2 protein chains.
Amino acid sequence: MEAAQDCLAEQPQVSMAAIARAAGVGRVTLYAHFPSREVLLEAVIDHAIARAEPVLDAAAPGDGPAADALCRLLRSSWQVLDRHRRLFEVAQHELGAVRMRERHDQAMARVEQLLHRGRAEGAFRDDLPLAWMVTTVYSLLHAAAADVNAGRLPQDSAAETLIATLLPALRPPR
Amino acid sequence: MEAAQDCLAEQPQVSMAAIARAAGVGRVTLYAHFPSREVLLEAVIDHAIARAEPVLDAAAPGDGPAADALCRLLRSSWQVLDRHRRLFEVAQHELGAVRMRERHDQAMARVEQLLHRGRAEGAFRDDLPLAWMVTTVYSLLHAAAADVNAGRLPQDSAAETLIATLLPALRPPR
């Protein structure tokens, strides 16, 4: 998993043979576990998301005022995503945006719960569909990763830029 | 172009042979113009964007208060995108997000100019990179299309949902 993750992030077109070499296993062994590049890519994404869970939980999205909790969750989410920016781009291209979004359902459930709680507290708006507000967070997080990849957004200010963009979009309208 | 656009939107996996049939030409003729599915897809996207130009110009993004102009431009942009939701999804998958964004550069130049003007007028924020604000508009427009495709966002309220989300994100912070 780790070897595949590194190889794909460094060189999107990397072959299964090269991934097997980097992992120190034979091609036959790699194919025995992952019959296709697509299956391997899905496993790598799921592995990266699973490893992100404790980082996202450490942001304690259920604690304290909802807007503060969202800032913490966005910083943690960016921290994880920033590490996987290239991998996400490869996977988005090869698996498609729809399947990538589905694989993020569990990770995005934290955002959904937090937005739901924040609505009840009056911290977030309730004039738009909750699902759309989750999409707004998901889309801008990944758009920031793409902009950093493309050299359009400075990496070191990306988290604060995201917070500055998302909070006014999610707060109750003036 | 029109036949290919309809075929791809209706059935993403449609073959070149089926597109040729729908266009009333032979496969050899189709391949003479478009040597691969990828080349055809790029041409279809460029054609759809070129046909959108007069619709976007009719929104007169250079006229009147910048925030009002952005609302008009967003409504026109959605009107065009809504027609090509499925096609965009297919092309995003097959050509990749990076190339799709590049092909939208000219269309997005209107948004960039308008945001630039609105900053000078104090209607839009200037504490975030202009390129990021353009990305925010582009990303949420296409995220709305994906959410309508997925049945997560009602089609008839998508334009107003977009405006309600984007304006507070782009206005000077409170």
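Reader: How many residue pairs are in polar contact across the interface of chain B and chain A?

Author: The rule finds 7 residue pairs, both residues at pLDDT 80 or more. A polar contact is a pair of N or O atoms within 3.5 Å; within protein, one must be able to donate a hydrogen and the other to accept it, and residues adjacent in sequence count only if both atoms are side-chain atoms. This is a predicted model, in which local features need pLDDT of at least 70 and side-chain atom pairs count only at pLDDT 80 or more, while totals for chains, interfaces and linings use all residues. Residues are numbered from 1 along each chain as its sequence is written, chains are lettered from A, and side-chain values use heavy atoms, without hydrogens and water.

Reader: Why is the pair R101(B) and D147(A) called a salt bridge?

Author: The term requires a side-chain nitrogen of Lys or Arg within 4 Å of a carboxyl oxygen of Asp or Glu. The closest N and O atoms of R101(B) and D147(A) are 3.9 Å apart, so the pair qualifies.

Reader: What makes up the contact, and what area is buried?

Author: Chain B gives 30 residues and chain A gives 31 residues, contact meaning heavy atoms within 4.5 Å. The two chains bury about 2,700 Å² between them, 63% of it on carbon and sulfur atoms; buried area is the accessible area (1.4 Å probe) lost on putting the two parts together, summed over both. H93(B), W132(B) and R174(B) supply 26% of the area that chain B buries against chain A, more than any other three residues.
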